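I wanted a quick look at how this chain is put together. My notes follow the order in which I looked things up.

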Amino acid sequence: MQLTDCTWTDVESADTDLAVLPVGSTEQHGPHAPLGTDALAAEAVAAAGVDAVDRDVAVGPPIPVGVSEEHRAFAGSLWVSENTFRAYVRETIESLTHHGFDRIVVVNGHGGNVPALREVCARISRDGDAYAVPFTWFEAVDPADVEMGHAGPLETALLEHVAPESIDTEAKATAGKNAADRWGEWEGSVNLAYDTNEFSDNGVVGDPADGSAKLGERLLAEATDALAALLERVAERSRD
């Protein structure tokens with residue numbers, strides 16, 4: 001049940017307390033992938049996970065701007081502070097709870113959102129009238145032969161499968177030439193860099209040319225299975 005497609009009477013008559021809230025970002029993903037990559041991925045995984053369970057689930061609209069200041073050097077990247085992000089997510093969840101959706105899985109597509117989401121979901125669950133947990137799709141997959149990177153093979157592959165028209169195939173083929181091999185600039189265990197442009201000329205980490213629609217199909221299937229299992233667990237979990 002996509003809330004944006006429903007009337008208020010549809011929602012009022014819904015017989016479920018379970019909801020999914022997709023969360024992404026609007027940030028650079030190299031010269032080949034759109035700024036909305038993380039939101040697109042979160043929406044796709046959320047939709048597939050909900051379709052995979054035999055129960056009604058409300059799906060909220062995606063939150064498209066996240067904690068992404070590290071990408072500020074690249075045109076079009078947007079960001080908010082962690083405080084603003086946590087407040088927005090918390091108040092959106094409180095809105096869902098007001099209408100009876102008090103078991104919420106936040107489906108996340110951006111690594112920079114992870115610490116804030118864990119904190120806000122914990123605070124909601126401890127102090128509020130709802131139970132919320134974050135789910136980050138790329139933490140739920142295990143492609144042993146491919147590194148995550150940023151705008152690299154995993155994210156590119158998922159988009160190749162769910163939104164192939166969004167990928168610039170010519171730029172994808174050459175983006176690896178100006179990419180970093182790993183995230184950050186390291187001295188021992190310390191990352192010296194705060195912003196992506198300090199270690200990657202084009203914002204890419206890894207080689208997106210290694211990402212294919214076939215790999216994306218596999219990644220979506222793994223993420224879908226993991227999310228479906230989580231939804232079932234959250235739906236049945238005692239909150240006493």
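Which side chain has a polar atom 2.9 Å from the backbone nitrogen of Val-67? I looked it up in the model, which is a predicted one. The side chain belongs to Asn-113.

Next I placed Asn-113. I found Asn-113 in the loop between strand E3 (103–108) and helix H4 (114–127). Its relative accessible area is 0%, so I noted Asn-113 as buried. I then listed its contacts, leaving aside neighbours within four places in sequence. They are Val-23, Gly-24, Gly-66, Val-67, Phe-85 and Asn-108.

I turned to the nonpolar cores. The largest has 31 residues. Val-20, Val-45, Val-105, Val-107, Trp-137 and Leu-231 have the most contacts inside it. Strand E1 (18–23), helix H2 (37–51), E3, strand E4 (131–136), H5 and H7 each supply at least two of its residues. H7 gives the most, with nine.

I checked Trp-137 separately. Beyond its neighbours within four places in sequence, Trp-137 touches several residues, among them Val-45, Asn-108, Leu-154, Leu-158 and Leu-219. I also logged a second, separate core of 22 residues, which includes Ala-19, Ala-58, Ala-116 and Val-120.

Last, I looked at helix packing. H5 (residues 153–162) and H7 (residues 213–236) pack at about 95°, with their axes 7 Å apart. The two helices are therefore roughly perpendicular. On the H5 side the contact includes Leu-154, Ala-157 and Leu-158. On the H7 side it includes Leu-215, Leu-219 and Leu-220. I sorted the contact residues into nine nonpolar, two polar and two charged.

Notes. Residues numbered from 1 in each chain as written. Predicted model: local features only at pLDDT ≥ 70, side-chain atom pairs only at ≥ 80, totals over all residues. Heavy atoms only, no water. Axes fitted to C-alpha atoms, helices over the stretch in contact; angles between N-to-C directions. Helix = DSSP H or I, 4+ residues; strand = E, 2+ residues; numbered from the N terminus. Parallel < 35°, antiparallel > 145°, perpendicular 65-115°, else oblique. Contact = heavy atoms within 4.5 Å. Nonpolar A, V, L, I, M, F, W, Y, C, P; charged D, E, K, R; others polar. Buried < 20%, exposed > 50% of the residue type's maximum accessible area, 1.4 Å probe, protein only. Polar contact = N/O pair within 3.5 Å; in protein donor to acceptor, adjacent residues only side chain to side chain. Core = buried A, V, L, I, M, F, W, Y, C linked by side-chain atoms within 4.5 Å.
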